[in-house]
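Here is a short report on one protein chain. Please read it alongside the sequence and the coordinates.

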Amino acid sequence: MLKELRSENKVSGAKQSRRAIRAGLARAVYLAGDADPALTEPLRALCREKAVPVIDCRAMRELGQAAGIQVGTAVVTLLK
């Protein structure tokens with residue numbers, strides 16, 4: 001599952017992901033399990049509201065590496 005993050009159109013970070021979800025551009029959202037719930041839970045609720053699938057990952061570091069960035073990230077959103 002995480003392999004598709006490297007080659008697909010995506011955005012990372014809460015702000016950009018929130019914008020993409022609200023605009024109807026999100027195909028799927030990956031959330032890191034070790035990220036602050038105050039950051040991830042509102043995004044999870046927005047995904048439920050907009051019927052965007054959420055994929056849970058174990059760690060921010062793992063998610064960042066899968067997305068091809070040098071730092072950990074709490075959220076990566078695949079775009080349509």
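The report below goes from the overall fold to single residues.

## Basis

This is a predicted model: local features need pLDDT of at least 70, side-chain atom pairs count only at pLDDT 80 or more, and totals for chains, interfaces and linings use all residues. Residues are numbered from 1 along each chain as its sequence is written, and side-chain values use heavy atoms, with hydrogens and water left out.

## Fold and dimensions

The chain has four helices and four strands. Their order from the N terminus is α-β-α-β-α-β-α-β. Both kinds of element are DSSP runs, numbered from the N terminus: helices are H or I with at least four residues, strands are E with at least two.

The C-alpha trace spans about 30 × 25 × 20 Å along its principal axes.

## Contacts and surface

Take the contacts between residues at least 6 apart in sequence: 78% of them join residues at least 24 apart. A contact means heavy atoms within 4.5 Å.

Of the 80 residues, 38% count as buried. Buried means under 20% relative accessible area, exposed means over 50%, and partly exposed lies in between (1.4 Å probe, protein chains only). The chain exposes about 4,800 Å², and carbon and sulfur atoms supply 51% of that area. Areas come from the Shrake-Rupley method with a 1.4 Å probe; for residues, only the protein chains shown count as cover.

## Charges and salt bridges

The chain carries 14 positive and 8 negative charges, and their mean positions are 6 Å apart. Lys and Arg count as positive, Asp and Glu as negative; His and the chain ends are not counted. Each charge is placed at NZ of Lys, CZ of Arg, CG of Asp or CD of Glu.

Side chains of opposite charge can pair when their charged atoms come close. How many salt bridges does a search of the whole structure find? The search finds three. The criterion is a side-chain nitrogen of Lys or Arg within 4 Å of a carboxyl oxygen of Asp or Glu.

## The R44 network

E41, R44 and D56 are linked in a network of salt bridges. E41 pairs with R44 at 3.5 Å, N to O. Both residues lie in helix α3 (residues 37-50), three residues apart, about one turn of the helix. E41 is partly exposed, at 38% relative accessible area.

D56 also pairs with R44, at 2.8 Å, N to O. D56 sits in strand β3 (residues 54-57) and R44 in helix α3, so this pair ties together parts that are twelve residues apart in sequence.

## The E62–R58 pair

E62 forms a salt bridge with R58, and their closest N and O atoms are 3.5 Å apart. E62 is partly exposed, at 24% relative accessibility. R58 is exposed, at 67%.

T40 lies in helix α3. Is T40 buried or exposed? T40 is buried, with a relative accessible area of 4%. Leaving aside residues up to four places away in sequence, T40 touches L31, A32, A35 and A74.

A51 is in the loop between α3 and β3. Its phi is near 60°, a positive value in a residue other than glycine. A51 is exposed, at 68% relative accessible area.
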